[in-house]
Amino acid sequence: MIEVTNLSKRYGNHLAVSDVSFTVKDGEILGFLGPNGAGKSTIMNILTGYLSPTVGTVKIDGFDILESPNEAKKRIGYLPEQPPLYLDMTVKEYLCFIYDLKKVNLPKHPHIFEICRLVKIEDVYDRLIKNLSKGYRQRVGIAQALVGNPDVLILDEPTVGLDPKQIIEIRNLINHLGKTHTIILSSHILSEIQTVCERVIVINKGKLIADDTAENLSKHFSKDHSLNARIMGPSKDILKLLSSINGVSTVSCLGSKEKDSYDFNIEPVESADVRRDVFQRLAEHNWPLLGLNTNELSLEQIFLRITDESDKDEDFDIGNIKPSKEAKK
Amino acid sequence: MLAIFKRELKAYFVSPVGYVVLAVFLVFSGFYFSYMFSNGYPDVTFVFSQMFAITLFIVPILTMRLMSEDRRQKVDQVLLTSPVKLSSIILGKFFAALAVFALGFANTLIFQIILSFYVSLNWLIFIGNVVGMLLLGGSLIAIGLFISALTESQMVAAVGTFAISMFILMMDSLASTINISAITKAAEWISFSGRYNTFVSGVFDYSNLIFFVSVAAIFLFLAVRSLEKKRWA
């Protein structure tokens, strides 16, 4: 459906996107993940034909975005980072304008009203966009992308500026749309990507650094399960005891969160399960074990790790603010 | 193109801009008409020749927000990612501005009708006047549209277009102060007022028609190119 090959975008000396390739299948929901300034929006702008790549090609349903732009653009609905709204129009006028602009062949008013119902903006249908709140504007932006019922939806941070209830609604809407559309959405909110997307692409400093399902990413990076334990007793002695257990590589005390007890982080050597030993040795000393849980890596931690790793072997600087070498040490 | 034309035309009249422009045209043309009428001079040509300077002042206001405002509010993202050609975006906006401009001169038809009660008129001259005015306005709007496409700021666009209008207005007098015949000749050749006055005086010269149409076409083309260039920058 969407084929991106060797995409690069250069602004003067600044390489904003560097050799990114991926494909998106029909009906897939793909998440773009990356810190601010990673190049997510630039890639989306290139996919939709707003910007042209310095190198590389984008094909939508087999149509090259530069060679047959009209055919390709017909298939895309795009919500940019800032919803592209004419503030001096009412919601109705604006959506009718978009309808005419895209030369849609569906029955006009039923189609537009259906979209308004879907994104829940019927009650502001006749109001000036100027007077709408950020959340409503965002939803009008989504409505605009849906006009003409394009096969591909490209949504740049669709839930920014919405309240928690609206965020859940929009996520549900995206899930619903995902049944019939191919969707690419970007976010730097990881939980959002985790709940909505089947596949995740992680971008850092213009480079594609991971492309996998959310579960696989999580599995891949969580080989080394560390344990969190809350133990009642003298912290120094417990630390000594835990360190002496077979299979434990490092132990650190995380401080006290409950009265008379301390939290510890236990890093076992690879593939060792030390939970039984920990329990028995603590029981011998009569130091009650109040809690023990494995640290599943959340997408958040994976994200931090991946971006950290890619930062270490970077060979170019694209202007992100980063700690100096001394501070890292 | 039609969608953009309709949207822009409407935008002129949801903001005061359209009304201000029309009001200025009506006030000045009405003033010149009453002056002409009270002096017993039965020809609207006088109104048209006097409106040349007013046109130069008013066009920058018509064109200043055409392209720059889209860019500032990032609406250009939806225009440029829709299945429309760049040229139809530009032409839609151009014709919307031209339509408001033409509306500003609709009242000269009323003047002409009033006059027709008193004297027998040569309607061909009147049509020539209107065509001349539209050509002048069209070429100035194209210039303004191009300048508006270069910047995100309405003010910069307005001042830039205004400067060019002033230059056009002063060109004839400037050229006459320079004693180099080549420059004087060149200035005479591109003189908007000279060519416009030929129309107004009732002479329909094809070279003038082609001149104004070419100016408009060149600047509309440049506006399209500046949109295209932005994608590669």
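1. The contact draws 24 residues from chain A and 19 residues from chain B, two residues being in contact if their C-beta atoms, placed from the backbone, lie within 7 Å. On the side of chain A that touches chain B, two or more residues each are given by helix 2 (69–74), strand 6 (76–79) and helix 3 (91–101) of chain A. Helix 3 of chain A supplies the largest share, four residues.

2. This is a predicted model, in which local features need pLDDT of at least 70 and side-chain atom pairs count only at pLDDT 80 or more, while totals for chains, interfaces and linings use all residues. Residues are numbered from 1 along each chain as its sequence is written, and chains are lettered from A and ligands numbered from 1 in the order in which they are written.

3. Chain A contains 12 helices and 14 strands; helices (H or I, at least four residues) and strands (E, at least two) are DSSP runs, numbered from the N terminus.

4. In strand 3 (residues 29–33) of chain A, five of five residues are buried, that is, with 20 or more other C-beta atoms within 10 Å of their own, C-beta atoms being placed from the backbone. Ile29(A), Gly31(A) and Leu33(A) point one way, and Leu30(A) and Phe32(A) the other way.

5. Strand 3 of chain A runs parallel to strand 8 (residues 182–187) of chain A, joined by five bridges, and pairs in the parallel sense with strand 9 (residues 199–204) of chain A over four bridges; pairing requires at least two DSSP bridges. Leu33(A) stands opposite Ser187(A) in strand 8 and opposite Val202(A) in strand 9.

Methods: A residue is buried if 20 or more other C-beta atoms lie within 10 Å of its own, exposed if 12 or fewer, and partly exposed in between; C-beta atoms are placed from the backbone.
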